[in-house]
Amino acid sequence: MTDLMPPPGLVHLCSAAARLAERVPIPEGPSGTRAIVEVLSMQCTGERFRATLKGATAADWLMIAPGGQFGTPDVRLVLETDDQAIVFVQYNGRIDFAAAPGKFRLVVAPRFETGDARYAWINRIQAVGVGVMDLATRSLIYDFYEVRPDWPQG
């Protein structure tokens with residue numbers, strides 16, 4: 001770490017709870033196994049951002065690495081805020097399948113897009129998220145944080 005680049009701060013954006021469909025595996029492709037998992041519902045709750053899943057176009061196009069120890073989520077979904085703004089969300093990251101049987105840890109980097117002026121701020125942020133997926137209940141719980149760089153003055 002240098003004086004020019006202090007570590008960023010994290011500010012809680014929202015907690016998210018999702019319910020997932022059963023995965024549809026496509027085994028032994030050129031990059032490993034792909035598993036498509038539809039997101040059936042999602043509820044985001046936070047002081048600055050409250051939303052639910054909009055429509056039925058949400059899925060994770062997960063790529064599982066050869067050997068099956070980790071995967072790369074590729075999630076795209078649409079949320080509707082509690083005051084009817086529409087927000088597109090896309091995120092990638094890593095999922096650790098080796099942590100505990102049936103419960104997997106995730107680290108992701110969501111990006112948000114909206115044309116609603118009330119949420120223009122969300123277009124400019126980079127977020128990070130940490131989560132746990134439970135295979136038995138097909139549930140996924142996240143905490144999303146806005147990354148706030150502490151840029152030097154001058």
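Q: Is Cys44 buried or exposed?
A: Buried means under 20% relative accessible area, exposed over 50%, and partly exposed in between, with a 1.4 Å probe and protein chains only. Cys44 is buried, at a relative accessible area of 1%. This is a predicted model: local features need pLDDT of at least 70, side-chain atom pairs count only at pLDDT 80 or more, and totals for chains, interfaces and linings use all residues. Residues are numbered from 1 along each chain as its sequence is written, and side-chain values use heavy atoms, leaving out hydrogens and water.

Q: How many disulfides does a search of the whole structure find?
A: A disulfide is a pair of cysteine sulfur atoms within 2.5 Å. The search finds zero. The sulfur of Cys14 lies 4.3 Å from that of Cys44, its closest cysteine sulfur, which is too far for a bond. Cys14 is also buried, with a relative accessible area of 0%.

Q: Which strands pair with strand 5?
A: Strands (E, at least two residues) are DSSP runs numbered from the N terminus, and two strands pair if DSSP finds at least two bridges between them. Strand 5 (residues 59-64) runs antiparallel to strand 3 (residues 32-45), with six bridges, and to strand 7 (residues 74-81), with two. Strand 6 (residues 70-72) also pairs with strand 5 in the antiparallel sense, over two bridges.

Q: Which residue in strand 6 stands opposite Ile64?
A: Gly71 does. Ile64 of strand 5 also stands opposite Thr33.

How values were computed:
Helices (H or I, at least four residues) and strands (E, at least two) are DSSP runs, numbered from the N terminus.
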